[in-house]
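Here is a friendly walk through one model, with a look at its sheet and its charged side chains. Please keep the structure open as you read.

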Amino acid sequence: MKIASFNINGIKARLPALLDWLTESASDVAVLQEIKSVDEAFPREEIEALGYQVETHGQKSFNGVAILSKLPLEDIRRGLPGDDSDEQARWIEATVVGDTHACRICGLYLPNGNPAPGPKYDYKLSWMKRLKARAAELMADEMPALMAGDYNVIPQAEDASSPSDWEKDALYMPQTREAFRSILNLGFTEAFRARDPRPGQYTFWDYQAGAWQRNYGIRIDHFLLTPQCADLLKDCQIDKDIRARTKPSDHVPIWVDLAL
């Protein structure tokens, strides 16, 4: 089963590109971030025409996540537990049943956190604490599960073309990387690094200053797999070439192939 994650950076601006990619990639499940649309305005009909069930957790103009699946989705939940006052649409999860296993799929759009320090960075770290709590619950369930999306975390120096440029950025600050490692240390496998240890593999290039042309990128989109899910991992790759197309997102898709 092919499960992909893609920060689309605005579904209205990027719908034709998304439809083309969905058709080409033949993803069974796609987790989207930054749809920037309320649920009622999401273009579900166009995506359903490709054979996908569409589940969204939207927000006007900002954030927003979705799960698109060619297989039925069960037990759909919206919003990261732990703070009932949090109105930002950054988390959605559901169970998909394959030929041999069921898998809990969690899609996330982790806060950026800039400028740091400040309230936005405090929110980022608080959100990551809640994420760790949910991650621990997924571990305790002992079923295949994954958390995929735009983490807004540069895990290590080799995940940035120029790491020194990011030292004071919320994506790379020591507290951010420590919080990310603390989640990994619950027993998760970072799927891409399990398959490809090479430096210089990125998922994001800014629109400014010719970042794409200079390969001035960072790797911030990740799949974290529980041990039961990691046992099913066949492959994980980044669809880098998508960034070179017309009106691209500043992110590119990343996907896993699981023996489900």
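## Buried charges

A residue counts as buried when its relative accessible area is under 20%. In this predicted model, Arg193 has 16% relative accessibility and so counts as buried. Its salt-bridge partner is Asp159, at 2.7 Å from N to O, and Asp159 is buried too, with a relative accessible area of 0%. The two are 34 residues apart: Asp159 sits in the loop between β8 and α4, and Arg193 in helix α5.

Arg219 and Glu190 form another salt bridge, at 2.8 Å. Arg219 lies in the loop between β11 and β12 and Glu190 in strand β9, so this pair ties together parts 29 residues apart in sequence. Arg219 is buried at 0% relative accessibility, and Glu190 is buried at 10%.

Within helix α3, Arg134 and Glu137 are three residues apart, about one turn of the helix. Their side chains meet in a salt bridge of 2.9 Å. Arg134 is buried at 6%, whereas Glu137 is partly exposed at 43%. Both belong to a network of salt bridges with shared partners, together with Asp75, Arg77, Glu93 and Arg104. The model's salt bridges come to 16.

## The open sheet

Now to the strands. Six of them form an open, mixed sheet in the order β3-β4-β2-β1-β14-β13. Because β3 and β13 stand at the edges, each with a single partner strand, one side of each has no neighbour in the sheet. The twist averages 15° from one strand to the next.

Strands β1 and β2 run parallel, joined by five bridges, and Ala4 stands opposite Ala30 in β2. Helix α1 lies across β1, β2 and β4, at about 160° to β1.

Notes: Residues numbered from 1 in each chain as written. Predicted model: local features only at pLDDT ≥ 70, side-chain atom pairs only at ≥ 80, totals over all residues. Heavy atoms only, no water. Pairing = 2+ DSSP bridges. Helix = DSSP H or I, 4+ residues; strand = E, 2+ residues; numbered from the N terminus. Axes fitted to C-alpha atoms, helices over the stretch in contact; angles between N-to-C directions. Contact = heavy atoms within 4.5 Å. Salt bridge = Lys/Arg side-chain N within 4 Å of Asp/Glu carboxyl O. Buried < 20%, exposed > 50% of the residue type's maximum accessible area, 1.4 Å probe, protein only.
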